[in-house]
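I opened the notebook to go through this model piece by piece and jot down what I looked up. Come along and check each entry against the picture.

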Amino acid sequence: MNDIYREHILDLYRNPINKHVLDPSTHQDRGHNPQCGDDLQVYVYLDGDIITATSYTGTGCAISIAAASILSQEIQGKTIHEVENMTQHDIYDIVGLEYEPTRFKCVTLYITTVKHMISNKY
């Protein structure tokens, strides 16, 4: 892992983006990754079918918090349909973080929780 990559992850871990309770929110759900101990509460505010705001709280490894920070910014303004259709490849391109295959759940925990929330509550 190169130093620039490591510093970027650590910076997002120390200074996460959108890590707070979203109040009000229209939907919320919890995501847990038992392999790493990541545990996120994810909040979304929908206006019709558009995600106008999102945030998260909880604990996680540096990779899961960095990915949640990046993805929480990316999905704001997107429709539910756009988020539901995000592929694994799309997520990797957006996050742009290097990681080991064993860290797959760390990278995808936030967006998996959002997708679960949308499919179960909308």
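**Entry 1: the strands.** I began with β3, where Ile51 is the bridge partner of Leu46. The model is a predicted one, so I keep that in mind for every value here. I then looked up how β2 and β3 run: they pair in the antiparallel sense, over nine bridges. Two residues lie between them in a hairpin, and Gly48 in that turn has a positive phi of about 70°.

Next I went to the other pairing of β2. Strand β1, residues 27-33, pairs with β2 in the antiparallel sense over seven bridges. For Asn33 I found the bridge partner Asp38 in β2. This is a hairpin too, with four residues between β1 and β2. In its turn I noted Gly37, with a positive phi of about 90°.

**Entry 2: a residue on β3.** I picked Thr52, which sits in strand β3. Is Thr52 buried, exposed or partly exposed? Its relative accessibility is 36%, so Thr52 counts as partly exposed. Leaving out neighbours within four places in sequence, I found Thr52 in contact with Tyr45, Asp47 and Gln76. I also looked up a C-alpha pair: Thr52 and Lys78 are 26 residues apart along the chain, and their C-alpha atoms are separated by 7.8 Å.

**Entry 3: helix α1.** I counted twelve residues in α1 and a reach of 16 Å from its first C-alpha to its last, close to the 16 Å expected at 1.5 Å a residue. Which residues of α1 are buried? I found Tyr5, Ile9 and Leu12. They cover an arc of only 65° around the axis, which puts them on the same side of α1. My reminder on helix geometry: with 3.6 residues a turn in an α-helix, residues three or four places apart point the same way. On the face turned away from the buried side of α1, I noted the exposed residues Asp3, Ile4 and Arg14. When I asked what covers the buried residues of α1, the list included α2.

**Entry 4: helix α2.** α2 has 14 residues and reaches 20 Å from first C-alpha to last, close to the 20 Å expected at 1.5 Å a residue. This helix is mostly covered, with twelve of its 14 residues buried. Among the buried ones I wrote down Ala62, Ile63, Ser69, Ile70 and Ile75. Gly77 follows α2, and its phi is positive, near 95°.

I then zoomed in on Ile65, which has its place in helix α2. Its relative accessible area is 1%, so Ile65 is buried. Not counting residues up to four places away in sequence, Ile65 touches Leu12, Tyr13, Pro16, Lys19, Leu40, Tyr56, Thr59 and Gly60.

**Entry 5: the nonpolar core.** I looked up the largest nonpolar core and found 32 residues in it. Leu40, Ile75, Val83, Tyr110 and Ile111 have the most contacts inside this core. The elements that give two or more residues to it are α1, β2, β3, α2, α3 (80-84), α4 (88-95) and α5 (104-121). Which element gives the largest share? That is α2, with nine residues.

I followed up on Tyr110. Setting aside residues up to four places away in sequence, Tyr110 touches Leu40, Val42, Thr54, Ser55, Tyr56, Ala68, Leu71, Ser72 and Ile75.

**Entry 6: the cysteines.** How many disulfides does the structure hold? I found zero. Why does Cys36 form none? The closest cysteine sulfur to that of Cys36 is in Cys61, at 3.6 Å, which is too far for a bond. The cut-off I used for a disulfide is a pair of cysteine sulfur atoms within 2.5 Å. For Cys106, the closest cysteine sulfur is again that of Cys61, at 3.6 Å, so this pair is too far for a bond as well. I checked accessibility too: Cys36 is at 33% and counts as partly exposed, whereas Cys106 is at 3% and counts as buried.

Note on methods:
Residues are numbered from 1 along each chain as its sequence is written. This is a predicted model: local features need pLDDT of at least 70, side-chain atom pairs count only at pLDDT 80 or more; totals for chains, interfaces and linings use all residues. Side-chain values use heavy atoms; hydrogens and water are left out. Buried means under 20% relative accessible area, exposed over 50%, partly exposed in between (1.4 Å probe, protein chains only). A nonpolar core is a set of buried Ala, Val, Leu, Ile, Met, Phe, Trp, Tyr and Cys residues joined through side-chain atoms within 4.5 Å. Contact means heavy atoms within 4.5 Å. The expected span of a helix is 1.5 Å times one less than its number of residues. The arc is that of the directions from the helix axis to the C-beta atoms. Two strands pair if DSSP finds at least two bridges between them.
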